[in-house]
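Hi,

Here is the structure I said I would pass on.

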Amino acid sequence: MGPVVALALAAGAAASFSVSDALGSVDPGTEQLFVGTWLLGWVLLCWASLVSAASAVPLLRRAVTRQPVSRSGAGLLGATLALIVVLVSTHPLWGSGSGYGA
């Protein structure tokens, strides 16, 4: 259940970042909506990271004790972590050069 929730949160963050990217360059009047969707994306991404970490602990514990590990859970967790890495690399908190003007 945890990997599914984490993947859903990460997908929601990707959707929120996509909306903020679409709104960001339209006109200055949409700046509040841009900032709101960008912040929502980061909130969802943080929750996805926390749920992923909480879901990874039981999977790793089972792997260390040589108990069978759910392949679907491990696959979903891997997909979630890959999506998180892509989102963090494409939407950094700082250093993105997003300032207006010259």
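Helices here are DSSP runs of H or I with at least four residues, numbered from the N terminus.

Before going on: this is a predicted model, where local features need pLDDT of at least 70 and side-chain atom pairs count only at pLDDT 80 or more, while totals for chains, interfaces and linings use all residues. Residues are numbered from 1 along each chain as its sequence is written, and side-chain values use heavy atoms, leaving out hydrogens and water.

Now take Ser20, which sits in helix α1. Its relative accessible area is 0%, so Ser20 counts as buried. Leaving aside residues up to four places away in sequence, Ser20 touches Phe34, Thr37 and Trp38 (contact means heavy atoms within 4.5 Å).

How do α1 and α2 cross? Their axes (lines fitted to C-alpha atoms over the stretch in contact, with angles from 0 to 180 degrees between N-to-C directions) come within 8 Å and cross at roughly 160°. The two helices are therefore roughly antiparallel to each other, a label for angles over 145 degrees. By class, the contact of α1 with α2 has 19 nonpolar, nine polar and no charged residues; nonpolar covers Ala, Val, Leu, Ile, Met, Phe, Trp, Tyr, Cys and Pro, charged covers Asp, Glu, Lys and Arg, and the others, Gly among them, are polar.

Cheers

Definitions and conventions:
Angles under 35 degrees count as roughly parallel, over 145 as roughly antiparallel, 65 to 115 as roughly perpendicular and the rest as oblique. Buried means under 20% relative accessible area, exposed over 50%, partly exposed in between (1.4 Å probe, protein chains only).
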